[in-house]
Structures are given as C-alpha cells and as structure tokens.
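Please examine the structure shown here.

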Amino acid sequence: MECRVTWTDHMTFVAETGSGHNVTMDGPPDLGGRNLGPRPMEMMLAGAGGCSAFDVVLILQRGRHPVSGCEVVLKAERAETDPKVFTKLHLHYIVTGNQLKREAVERAVTLSKDKYCSATAMLGATAEISWDLELRQSEAAPAA
C-alpha cells in the first residue's frame, strides 16, 4: 500500500492514494490553514469508521442478513500533550435492515473489532475503544 502526501500551499496537503484517489487535508486558520479539508486526525477517525463499517456490512451480507444501511458515529478523546494521540474512541453503530437479528449484528461488530478492522486495532494501541449498537427497522419492499 502506498500514499503520497504533497504540501500545496499555506497548510494544505493533498494525499494521493495508491488506488488513485485524492484527498485534500487542511489546517485551521489559526494555524495557517484555510479549512479546505479535514484535519489529518479527522481522516484517521473517518478511516476507523469506514474500516469497521465495511467489515460489518460485508459480514452481514455474507451471512445473508437483510442489511440495508450502516452508519458509524465516532467520538474520540485525545491526549492533552503531544503527541495528541486518541485516548478514547467510541463507535456508535446504526444498522438498518428488514428484521435484522440483534445477535447477528452484534457478532459482526465484535468480529470487526476483535479480528478484522486494522484501523481500530492500530488505534487500540493508545485508545480505549468502546461501542454500542442501534438497530433500525427498514420498511419491507411492497409486494409486486
């Protein structure tokens, strides 16, 4: 896996991923940025949420569970001194489906956390990680 991060101007950086996608990151105005993109630590938080949500959806789909939506709302706390690593990370999963079984979704989240999600595994070296789950019922498709 590769990534190239290039400083463009002010405190703006563009990351070009190995898969050919670009992401602009920027700092806040008080540090010379222009707020043109997320902060690098926000990208780490988003990466953790994306990695875990990817796992949860894939596990549920492979188990033929009727998942139709998945959101992860993340809240993190950081150390007060440099390096300001994450010290606490909470993932709130909102999973939608037609009569999804809570046990199946809990299993998917647990497998992501304990086995598959590389991002949360790395962040877990400095952060206490917790999670909770909200199940939402989707409307059944009308009969044809």
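Q: Which helices each supply at least two residues of the lining of the largest pocket?
A: They are α1 (40-62) and α3 (118-123), helices here being DSSP runs of H or I with at least four residues and strands runs of E with at least two, numbered from the N terminus. The largest share, six residues, comes from α1. The model is a predicted one, in which local features need pLDDT of at least 70 and side-chain atom pairs count only at pLDDT 80 or more, while totals for chains, interfaces and linings use all residues. Residues are numbered from 1 along each chain as its sequence is written, and side-chain values use heavy atoms, with hydrogens and water left out.

Q: What makes a residue part of the lining of the largest pocket?
A: A lining residue has an atom within 4 Å of a pocket point; on a 1 Å grid over the protein atoms alone, a pocket is an open set with protein on both sides within 12 Å along at least five of seven lines, whereas a cavity is a set where a 1.4 Å probe fits but cannot get out. P40, M43, M44, G47, A48, C51, S118, A119, M122 and L123 line the largest pocket. Its volume is about 330 Å³, that is, the space filled by probe spheres set on grid points joined across faces, edges and corners.

Q: How do the residues of this lining divide into nonpolar, polar and charged?
A: Eight are nonpolar, two are polar and none is charged. Ala, Val, Leu, Ile, Met, Phe, Trp, Tyr, Cys and Pro count as nonpolar, Asp, Glu, Lys and Arg as charged, and the others, Gly among them, as polar.

Q: What is the class make-up of the lining of the second largest pocket?
A: This lining has seven nonpolar, three polar and one charged residues. The second largest pocket has a volume of about 280 Å³, and β1 (3-9), β2 (12-17) and β3 (22-26) each give two or more residues to its lining.

Q: Why are Y93 and W131 called an edge-to-face aromatic pair?
A: Rings of Phe, Tyr and Trp (its six-membered ring) pair if their centres lie within 6.5 Å, and planes under 30 degrees apart count as stacked, over 60 as edge-to-face and the rest as tilted. The centres of Y93 and W131 are 6.2 Å apart and their planes stand at 85°, so the pair is edge-to-face. Y93 lies in strand β5 (residues 86-97) and W131 in strand β6 (residues 128-137), so the pair ties together parts that are 38 residues apart in sequence.

Q: Is Y93 buried or exposed, and how is that known?
A: Y93 has 3% relative accessibility and therefore counts as buried, the term for values under 20%, with exposed over 50% and partly exposed in between (1.4 Å probe, protein chains only). W131, at 28%, counts as partly exposed.

Q: Which residues touch the most other members of the largest nonpolar core?
A: Of its 25 residues, these are L60, L74, L89, L91, Y93, V95 and V105. Such a core is a set of buried Ala, Val, Leu, Ile, Met, Phe, Trp, Tyr and Cys residues joined through side-chain atoms within 4.5 Å.
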